[in-house]
Amino acid sequence: MTAPTRPGEDGGRPAPSRRTVLRGAAAVTLAAAATTAAGAGSAHAAGTGPSPAVTDFPGAQWLPAAPANYRTAHRPRSHRIDTVVIHVTQEHFGDAVAVFGNPARQTSAHYLVRSADGHIGQCVREKDIARHTGSPRYDERSIGITHEGWVNADAWLTEELYASSAALTAAVCARHAIPLDRAHILGHHEVPGAVHTDPGANWDWEHYLELVQKAGTEK
């Protein structure tokens, strides 16, 4: 992993093939699980994080970010949440988990969605403020959801990833009374002052919003 590259940044290594992600899914799962166990254990011992069993989205795996990579808060009491920001990692799932767990990186997201099967990890509680947009003001008002993949390789944007992320976004929006529209569900590139282009031209916004709205009506 190139040192200056953070999840959601453009550039970095060439995008791997779809075959690579499918073949490596089991290895990534094991690596992420090992990272989770180590990170969760240290967070619990230090009293700096919630129990690994506590997530805001049912079925999400607790993959804690380092406390230095987010701000503790009491949202929505302390800050209103009115936006969801969509990212693409520019990293493998397991590598993104490691980046968020590294206090030197100063970056995180609330949720991380895996390409091959739509598996969801939660890295920061929704009440806390993840460092994900580059704008402290937008960080305070938003939930960040990042997706395994590369902006220039649409093979990573699987139907499993879209469907899982859409259900997650619908649940987040329902919990915080956020409208299910493009004015409130933004790409990272749409945050004022952003220097990033993710989720990129390959992200199918029309399809994604249809899935989000469908998931919202089924709740």
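Buried means under 20% relative accessible area. By that cut-off, 50% of the 219 residues of the chain count as buried. The legends below describe a predicted model.

**View 1. Overview of the chain.** The secondary structure comprises six helices and eight strands. Along the sequence, these elements follow the order α-α-β-β-β-α-β-β-β-α-β-α-β-α. Of the contacts between residues at least 6 apart in sequence, 76% join residues at least 24 apart. The accessible surface of the chain amounts to about 9400 Å², and carbon and sulfur atoms account for 55% of that area.

**View 2. Packing of helix H5 against helix H6.** Two packed helices are described by the angle between their axes and the distance between the axes. Here, H5 spans residues 159–176 and H6 spans residues 205–217; the two pack at an angle of about 50 degrees, and their axes are 8 Å apart. H5 is therefore oblique to H6. The crossing of H5 with H6 is right-handed. On the H5 side, the contact is made by Glu159, Tyr162, Ala163, Ser165, Ala166, Ala167, Thr169 and Ala170. The H6 side contributes His207, Tyr208, Leu211, Val212, Ala215 and Gly216. By residue class, the contact of H5 with H6 comprises nine nonpolar residues, four polar residues and one charged residue.

**View 3. Helix H3 and its cover.** Helix H3 runs over residues 93–100 and is mostly covered, with six of its eight residues buried. Phe93, Gly94, Ala96, Val97, Val99 and Phe100 are the buried residues of H3.

View 4. Gln90 lies in the loop between E3 and H3. The phi angle of Gln90 is positive, about 60 degrees, although the residue is not a glycine. Gln90 has a relative accessible area of 4% and is therefore buried, the cut-off being 20%.

View 5. The loop between H3 and E4 holds Gln106. Gln106 is a residue other than glycine with a positive phi, near 55 degrees. Gln106 counts as partly exposed because its relative accessibility is 34%, and partly exposed covers the range between the buried limit of 20% and the exposed limit of 50%.

**View 6. Ser115 and Thr158.** Ser115 is located in the loop that links strand E4 (111–113) and strand E5 (120–122). The relative accessibility of Ser115 is 0%, so this residue counts as buried. Ser115 and Thr158 are 43 residues apart along the chain, and their C-alpha atoms are separated by 6.1 Å.

**View 7. Cis peptide bond between Arg75 and Pro76.** Arg75 and Pro76 are joined by a cis peptide bond with omega at about 0 degrees. Pro76 belongs to the loop between strand E2 (70–71) and strand E3 (83–88).

**View 8. Cis peptide bond between Asp198 and Pro199.** The peptide bond that joins Asp198 and Pro199 is cis, with an omega of about 10 degrees. Pro199 sits in the loop between strand E8 (185–187) and H6.

Note on methods: Residues are numbered from 1 along each chain as its sequence is written. This is a predicted model: local features need pLDDT of at least 70, side-chain atom pairs count only at pLDDT 80 or more; totals for chains, interfaces and linings use all residues. Side-chain values use heavy atoms; hydrogens and water are left out. Axes are lines fitted to C-alpha atoms, for helices over the stretch in contact, and angles run from 0 to 180 degrees between N-to-C directions. Helices (H or I, at least four residues) and strands (E, at least two) are DSSP runs, numbered from the N terminus. Angles under 35 degrees count as roughly parallel, over 145 as roughly antiparallel, 65 to 115 as roughly perpendicular and the rest as oblique. A crossing is left-handed if the near helix is turned anticlockwise from the far one by less than a right angle, and right-handed if clockwise. Contact means heavy atoms within 4.5 Å. Ala, Val, Leu, Ile, Met, Phe, Trp, Tyr, Cys and Pro count as nonpolar, Asp, Glu, Lys and Arg as charged, and the others, Gly among them, as polar. Buried means under 20% relative accessible area, exposed over 50%, partly exposed in between (1.4 Å probe, protein chains only). Accessible areas come from the Shrake-Rupley method with a 1.4 Å probe; for residues, only the protein chains shown count as cover.
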